[in-house]
Amino acid sequence: MCGLGMLMRICIYKSEQAPELTLLLREGLPFPRDTKIDRWTKIKVVTDGEMRADLLVEIGGSGYALVELGADRRR
C-alpha cells in the first residue's frame, strides 16, 4: 500500500508490437523509456490488492514491470 489506507493503482497495458508482453505501470508515472515499444494501449486499472505480491515488489522499485505471458518467474 502507498501510505496509510491509500491503495496504489496500477495500469495494465498491452502492445500490438509485442502481444506477449504486458506492462504494469503505477498510475501517474510516465511510460518507461527503456523498452523498444513506443505505443501501449491501456487495458484496465487495478489496485495493489488485486496484484500478486511478486509483481508488486517489482513495480515498487521502478514503478513498472514488464511481464511476458507464459514465461517462468525466475527472479
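The model is predicted, so local features need pLDDT of at least 70 and side-chain atom pairs count only at pLDDT 80 or more, while totals for chains, interfaces and linings use all residues. Residues are numbered from 1 along each chain as its sequence is written, and side-chain values use heavy atoms, with hydrogens and water left out.

The protein chain holds 1 helix and 4 strands. Helices (H or I, at least four residues) and strands (E, at least two) are DSSP runs, numbered from the N terminus. From that terminus, the order is β-β-β-α-β. The chain has 75 residues, and 36% of them count as buried. Buried means under 20% relative accessible area, exposed means over 50%, and partly exposed lies in between (1.4 Å probe, protein chains only). The chain exposes about 5,500 Å². Carbon and sulfur atoms supply 53% of this area. Accessible areas come from the Shrake-Rupley method with a 1.4 Å probe; for residues, only the protein chains shown count as cover. A contact means heavy atoms within 4.5 Å. Among contacts between residues at least 6 apart in sequence, 57% join residues at least 24 apart.

Helix H1 spans residues 53–62. Leu-55, Glu-58 and Ile-59 are buried there. These residues cover an arc of only 95° around the axis, which puts them on the same side of H1. The arc is that of the directions from the helix axis to the C-beta atoms. An α-helix has 3.6 residues a turn, so residues three or four places apart point the same way. On the other side of H1, Ala-53, Val-57 and Gly-61 are exposed. The cover over the buried residues of H1 includes S1, S2 and strand S4 (64–68). Just after H1, Gly-63 takes a positive phi of about 95°.

In soluble globular proteins, nonpolar side chains tend to be buried together.

The whole structure has 1 aromatic pair. The ring centres of Tyr-13 and Phe-31 are 4.9 Å apart and the planes lie at 70°, so the pair is edge-to-face. Rings of Phe, Tyr and Trp (its six-membered ring) pair if their centres lie within 6.5 Å; planes under 30 degrees apart count as stacked, over 60 as edge-to-face and the rest as tilted. Tyr-13 lies in strand S1 and Phe-31 in the loop between S2 and S3, so the pair ties together parts 18 residues apart in sequence. Tyr-13 is buried at 9% relative accessible area, whereas Phe-31 is partly exposed at 40%.

There are 2 salt bridges. A salt bridge is a side-chain nitrogen of Lys or Arg within 4 Å of a carboxyl oxygen of Asp or Glu. Arg-9 pairs with Glu-27, with the closest N and O atoms 2.7 Å apart. This bridge links distant parts of the chain: Arg-9 is in S1 (residues 9–14), and Glu-27 is in the loop between S2 (21–26) and S3 (41–47). Asp-54 pairs with Arg-52, with the closest N and O atoms 2.9 Å apart. Asp-54 is partly exposed at 33%, and Arg-52 is partly exposed at 46%.
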